[in-house]
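Here are my notes on the model you sent.

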Amino acid sequence: MTHKTWNGCLPFACIFPGLKAWMQRNDWNMSRLAHEAKLYPNTICNNLSGNTEMKMYTIRRILEITGLTFEQAFGEVITQEEARKER
């Protein structure tokens with residue numbers, strides 16, 4: 001799968017290690033997550049990169065799509081710098 005970028009968003013620059021691990025295991029990127037959750041790609045990019053706060057609706061959609069619990073997906077947070085290094 002090709003990883004796309006938009007508006008300077010780096011693929012897998014996700015500050016939530018649990019969700020990032022799920023996306024990697026399932027060969028998903030932020031674009032596919034946004035598509036499957038019926039959310040705007042920029043919303044997902046900004047939320048998962050830590051640029052904007054996530055709305056409850058977005059959290060619920062991500063949990064529905066992934067089957068993860070809140071703690072599994074969002075329980076741990078790393079800095080944006082750490083997320084970029086882990087790509």
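1. Two residues are in contact when they have heavy atoms within 4.5 Å of each other. On that basis, 59% of the contacts in the protein chain with a separation of 6 or more are between residues 24 or more positions apart. Please keep in mind that this is a predicted model.

2. The secondary structure is quickly described: the protein chain has 6 helices and 0 strands. Its pattern along the sequence is α-α-α-α-α-α.

3. On burial, 41% of the 87 residues of the protein chain count as buried. The chain exposes about 5,300 Å², and carbon and sulfur atoms supply 48% of that area.

4. The largest nonpolar core has 24 residues, and L19, L48 and F74 have the most contacts inside it. Two or more residues each come from α1 (17-25), α2 (30-37), α3 (41-48), α4 and α5 (70-74). Of these elements, α2 gives the most, with 4 residues.

5. What does L19 touch, leaving aside residues up to four places away in sequence? The partners of L19 are L33, L48, I62, T66, L68, Q72, A73 and F74. Among them, L48 and F74 are also named with L19 as having the most contacts inside the core.

6. T58 deserves a separate entry. T58 lies in helix α4, which spans residues 56-66. Buried means under 20% relative accessible area, so T58, at 5% relative accessibility, counts as buried. Not counting residues up to four places away in sequence, T58 touches L39, T43, I44 and N47.

Note on methods
Residues are numbered from 1 along each chain as its sequence is written. This is a predicted model: local features need pLDDT of at least 70, side-chain atom pairs count only at pLDDT 80 or more; totals for chains, interfaces and linings use all residues. Side-chain values use heavy atoms; hydrogens and water are left out. Buried means under 20% relative accessible area, exposed over 50%, partly exposed in between (1.4 Å probe, protein chains only). Accessible areas come from the Shrake-Rupley method with a 1.4 Å probe; for residues, only the protein chains shown count as cover. A nonpolar core is a set of buried Ala, Val, Leu, Ile, Met, Phe, Trp, Tyr and Cys residues joined through side-chain atoms within 4.5 Å.
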